[in-house]
Amino acid sequence: MDSISTAPAILQPLLDMLRLPLEEIKIEKVVDLVSYDGAIAAQCLRLANSPLYGRREIETVRSAVMVLGLDRVRTLLLGLCMNRVIPADKWVIEPNAFWRHSLGCALVTQRMARKIEYHEPEKAYLAGLLHDIGLLVNSVLYTEGFRECLRIAAEQQAPLHVIEEQVLGFTHCDSGRMLAEHWRLSKELVDVTYCHYDLSLLAAPGPLACLVHLSDLLCRARYLGYGYDEIMSVDLGGDAAWQILVASYPALGNMDLVRFTLDIDGAMDQIVATVDSVFGSKNVAVSAAT
Amino acid sequence: MPIEIAKPKPAPALEQNSSDPAFLKIRDLVYRISGIYHAEEKLYLLTSRCARRMVALELTSPAEYLEHLTVRGNRDAELRLLLNEITIGETYMFRHPAQLDALRKVILPEILQAKGVHGLKRLRFWCAGCSTGEEPHTLAMFLLEEKEKLLAGWTFDILATDLNDNSLEAARAGIYGEYALRSTNDRLRAKYFKDAGDKKLQANDLLKSQIRFDRINLRDDNKMLFQKGMDVIFCCNVLIYFDLASKRRVIQHFYSNLMPGGYLFLGHAESLFQVDDTFRLVHFTGTTAYWKAPATLPAGGKK
C-alpha cells in the first residue's frame, strides 16, 4: 500500500472541493489548485487551447478554467492526481474505460440522489466517482494477477469482482476500502468502496452505498462498464439496495426506471466526450492479449 | 369567395429550437399519453418529428402545434400522426441487437433450463403488432441460426400478428428493400432470401415456414385469451396508441399469455410506468424487458 499511499498534495483539497455543489465552488480556489502543480496547469492550458474549445488564445490558468468549466476541470484534476498515483505502465484497466465508468457512476448516483431527494447529491457524486479506486490499487500492487482477472472477466463477460475473488482471493472492494481508509475518507465513502457490489458485507448499509450499488449496476448495463460488455440480468426494483432506499426515500418508488435509463443514455454521450477530452480518446476495449 | 391569405412559409425542420417550452410540453404529452419518453439530449429527435407535422399543417410556431395536439377537435388524430412520425424508421431487421444478445445469453438459457426439466422442448414466440414483418423475420433468422447450437433438440414457433390487413399482407409476402435489410449481412441474405427483382429480396420458403401470421386485434379479449403458453412476447411501439385502460387490459392479457419466467419486450423508449406493476422490469446489457416472475420466486427479485 505504501507505494501508492503518497497521495499528491492537492488530493485532499480537491476531495474537499468535490464535496461541494458546483455553484458553491469558488473559481479562485480552483485556479489555486490548478496553479499549484505546473504539470496540471500546463495540461489545463493545453486542453483549453485545443480545437474542442474553439482554438482561442488562452494564456492564463484562470481563463483556461473558465473555458473548460468547473465540472471538467475538477474531473481533470482528479484524473491527473490519479495518474500521479498510478504510473503509466501500471494501468491495467484502460484509463479511458476506468474514467467513463467512474464519471458515469458519479453522474448516475447524483441524478438518482436528486430523484429520491437525498439531502447531499454532491456527496453522492463523489461517492460514485471514487467507488472503484480499488481497481487502481489492484493495478499497482497486483499488476499481473489483476491483468489476468480482467482478461478472464472480459472473455467470460463476467462480473469483475467474481473473477477477482477466484483469481486473487480478494476484490477491488477490499483493496478500495484499504486505500479509502489510508486517505482518511469519510466512513460513508469507505463503506461505498467496500460494499458497492455486495451490500450484505455491512450490517446496515447507508443510503450512499445503496445508491452507488444501483448506479454501478445501471452503468454496467448501459455500456459504461469496465471496457467489456458483461452478461447482465438485473431486477433493480427487486434489489436489496432498492428495498432499503425505498423505505427511507419513498420518492424512489415513483421513479420511472425506463425513463431514468433513457436519461442516462442521453447523458452518456456527454460523459464520453468529457472523458475523451480530458484523458484522450482511446479504444476502451480490453485487449485480451496484453 | 374567401380571400386567400398568404401564410408565411413554415420554418424548415432544423431551424426549430428544441428549447422552446412548447416542445417540452409536447414531450411530456407524448410521454403521458403513449409512454414514449424523449430524454433531454434526444429532444432534437422529437423536435424534428414535430417539425415535419408542422410543415404538413403549415404551422410556424411550436406553440401553435401544441394547440393542435391539445385543444383542437382533431387532437387525437394529430397525436396519432405524430406518433407515426416518432416511430417511423424503427422497423428494419436486426434493429435491436441488444435484444437478441439478451435472448441468446440470458433469456433462452434460463427458459431452456426451466422447461428442459419437464421434457417440453418447444418454445413459443409472439410478435404482437408485427407490422410489415421485419421483427418476426429477424427473430426467425436468429432462432434458425441458433438451431444447431443453443436450441439443439428444441423446436420453436413464431406467431406474428397485426390488426392491419395491408401490413399483414406485406409481412406474408416478405419482400424487403435496402432500408429493411440495412443491418442484415450478406451471409444471412444469401441463406434466407431470394432475389425479388427491383433491388429487393424476398424471404425464402425456409424462413417463411418459421412464422405463422394471423390477424389479431389486441383489444379483442376473446382472441387474446386463446394465446397461451408464450415464452417471449414482442410488442414494440403498439401500445403507444392505446389509452391507459386498454393498455392495462392488453398488458394483463400478455401476463397471462406468458409462461411463468417468460419475458415481454416493448419498444426501446416505451415505459410501463404506472401502467402495470405485475411484471418486473429487468435490465440486460443495452436493453430492458418485462419479466413474469415464477410464482415460487420469493420477493427480493431475480438473481
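The model is predicted, so local features need pLDDT of at least 70 and side-chain atom pairs count only at pLDDT 80 or more, while totals for chains, interfaces and linings use all residues. Residues are numbered from 1 along each chain as its sequence is written, chains are lettered from A and ligands numbered from 1 in the order in which they are written, and side-chain values use heavy atoms, with hydrogens and water left out.

Biologist: Which helices of chain B do the buried residues of H2(B) pack against?

Modeller: Helices are DSSP runs of H or I with at least four residues, numbered from the N terminus, and H2(B) covers residues 43-57. Buried means under 20% relative accessible area with a 1.4 Å probe, protein chains only; among the buried residues are Leu43(B), Leu46(B), Arg49(B) and Met54(B). With contact taken as heavy atoms within 4.5 Å, the partners are H1 (21-34), H3 (62-70) and H4 (75-87) of chain B.

Biologist: Which element gives the largest share of the lining of the largest pocket?

Modeller: A pocket is an open set of points on a 1 Å grid over the protein atoms alone, with protein on both sides within 12 Å along at least five of seven lines, and lining residues have an atom within 4 Å of a point. The largest pocket is lined by 43 residues, with Leu262(A) and Arg95(B) among those nearest its centre. Elements giving two or more residues include H2 and H4 of chain B. The largest share, 7 residues, comes from H16(A).

Biologist: From which domains of chain B does the lining of the second largest pocket draw at least three residues each?

Modeller: This pocket holds about 900 Å³ of space, and its lining of 36 residues has Gly129(B) and Cys236(B) among those nearest the centre. H6(B) gives the largest share, 4 residues. Domain bounds come from an automatic or database domain assignment, and the two domains are domain 1 (4-88) and domain 2 (97-291).

Biologist: How many charged residues are in the lining of the largest cavity?

Modeller: A cavity is a set of grid points where a 1.4 Å probe fits but cannot get out, and the largest one has about 30 Å³ of space. Its lining includes Ser34(B), Lys247(B) and Glu270(B). Asp, Glu, Lys and Arg count as charged, and the number of charged residues is 2.

Note on methods
The expected span of a helix is 1.5 Å times one less than its number of residues. Buried means under 20% relative accessible area, exposed over 50%, partly exposed in between (1.4 Å probe, protein chains only). Grid points are joined across faces, edges and corners, and a volume is the space filled by probe spheres set on the points.
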